[in-house]
Amino acid sequence: MRVCVIGLGYVGLVTGACLAQLGHEVIGIDNDARKLAMLAAGQVPIYEPGLDRLIEQHVQAGRLRFSDDGRAGILGSQIIFIAVGTPALPTGESDTRYVEAVALAIGRAIAEDLQTHGSTNYRVIVNKSTVPIGSGDWVRSLILDGMDQITHPDVTVEQIQQSFDVVSNPEFLREGTAVLDTFLPDRIVLGFGTQTTPLSPLPLALRWMQELYRPIIERTIPDFDNLVGDPVPVVMTDLNSAEMIKYAANAFLATKISFINEIANIAERVGADIGQVALGIGLDQRIGRAFLGAGLGWGGSCFPKDLSALIHIAGDYDYNAGLLKAVIEVNQGQRQRLVKKLQAQLKILKGKTIGLLGLAFKPNTNDLRDAPSLAIAATLHRLGSRIKATDPVVQELPATVPTPIKLYRDPYSLAKGCDALVLVTEWGEYLDLDFRRLAQSMNTLVFVDGRNVLDPAKVESYGFTYIRMG
């Protein structure tokens with residue numbers, strides 16, 4: 001199928017490359033000249049394992065190309081993905097101006113085709129961006145607004161109404177494993193129409209989406225291993241429910257992380273081992289072991305943005321989402337708890353040098369959005385500490401980071417002169433550190449394991465005071 005992906009951020013770029021792997025003809029559209037220049041030069045603007053190989057392979061094969069010509073991409077495609085950003089506003093609600101601009105542009109492009117030729121091909125418009133509940137109907141109305149200049153005598157209102165449909169297809173990608181998550185999803189969610197829209201016989205828009213994802217659903221992706229098991233479940237529902245599924249999924253995962261951190265803080269006070277507690281409750285099939293790692297909590301772009309948006313949506317409908325507000329409060333508190341642990345051990349932090357192992361909010365990404373490292377660094381700087389950091393992927397800090405942080409190439413150059421080391425991001429290379437080598441150049445042997453992933457006995461055997469979360 002011919003596919004246009006508008007917005008080459010994290011979701012759009014991964015989606016486009018993976019659809020090309022399925023055999024579709026994909027054009028990616030973006031108005032960022034720097035990003036397009038990087039892609040033209042064979043450089044990927046984000047760090048995501050496996051993505052660079054996919055892009056290179058399918059650009060060379062001619063199945064994947066990039067452009068700033070949105071009109072051509074829209075008119076030349078059967079399925080058009082809206083994958084632009086919806087960042088959080090200061091109020092917590094989603095900033096949907098980019099979605100609005102794209103929807104109007106789609107309407108104008110279809111209108112131009114109708115005006116010129118008196119007819120147009122049917123298209124499916126797919127909301128891949130995380131958008132407020134009710135955005136499916138809103139996007140449809142915006143596209144129709146973009147088509148309101150059609151004066152061709154042979155074009156009827158019915159033709160205009162039937163020239164496209166809107167589908168909600170939320171993404172459930174994890175940074176660091178996004179390619180695998182696309183090819184091996186737990187489910188595919190497709191939203192269409194309202195709760196009263198009949199899905200039998202299956203509407204054309206949903207048949208097209210099924211065909212688009214057939215190799216994933218049937219586990220027949222070309223040149224891809226691990227394709228075993230039953231067909232991938234496809235959840236077909238209405239637009240509003242599909243949009244709610246996305247928010248609810250992220251809200252639940254964030255809640256699970258904040259829950260185990262809350263339990264960890266209690267366990268610390270009563271003398272319980274949070275690792276054993278997490279194991280004991282995680283073996284209950286009703287609970288499950290995933291997302292029960294106590295530590296510094298969650299970060300990145302999705303959880304903070306989606307929880308804030310859902311809280312704001314609830315407020316619009318006169319509902320106080322108290323649980324979700326508490327989830328955010330617990331998560332923010334974890335970062336400050338780590339600083340308090342340093343204060344308890346080192347007493348005065350003013351003039352002390354603290355080394356941070358890891359800057360990205362999680363391993364296998366270079367994403368610093370709402371990263372715990374930056375919140376910790378900001379507090380330490382306010383208290384008068386000198387902050388040093390290292391990260392396998394983050395080699396420089398954006399100008400938007402106000403805290404002075406000196407970057408080092410590896411943990412051993414970082415450790416020199418430090419009064420404490422803090423494991424912030426559980427990169428694989430930090431799980432087998434040479435603690436003897438670290439100890440040789442530090443002022444004070446204090447190690448805070450912000451992710452509870454190291455063996456306390458091993459760390460302490462080299463003379464370190466080992467401190468964990470919980």
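Predicted model: local features only at pLDDT ≥ 70, side-chain atom pairs only at ≥ 80, totals over all residues.
## An aromatic cluster

At 30% relative accessibility, Tyr462 counts as partly exposed (buried is under 20% relative accessible area, exposed over 50%, partly exposed in between, with a 1.4 Å probe and protein chains only). Residues are numbered from 1 along each chain, and side-chain values use heavy atoms, leaving out hydrogens and water.

The structure has seven aromatic pairs (Phe, Tyr or six-membered Trp rings with centres within 6.5 Å; planes under 30 degrees apart are stacked, over 60 edge-to-face, the rest tilted). Phe435 and Tyr462 are stacked, 6.4 Å centre to centre with 25 degrees between the planes. Phe447 and Phe464 are both buried. Together, Phe435, Phe447, Tyr462 and Phe464 make up one aromatic cluster.

## Helix H12

H12 covers residues 274-282 (helices are DSSP runs of H or I, at least four residues, and strands are E runs of at least two, numbered from the N terminus). Ile274, Ala278 and Gly282 are its buried residues. On the face turned away sit the exposed Gln276 and Gly280.

## A buried arginine

Arg335 belongs to helix H14, residues 322-346. Arg335 is buried, with a relative accessible area of 5%.
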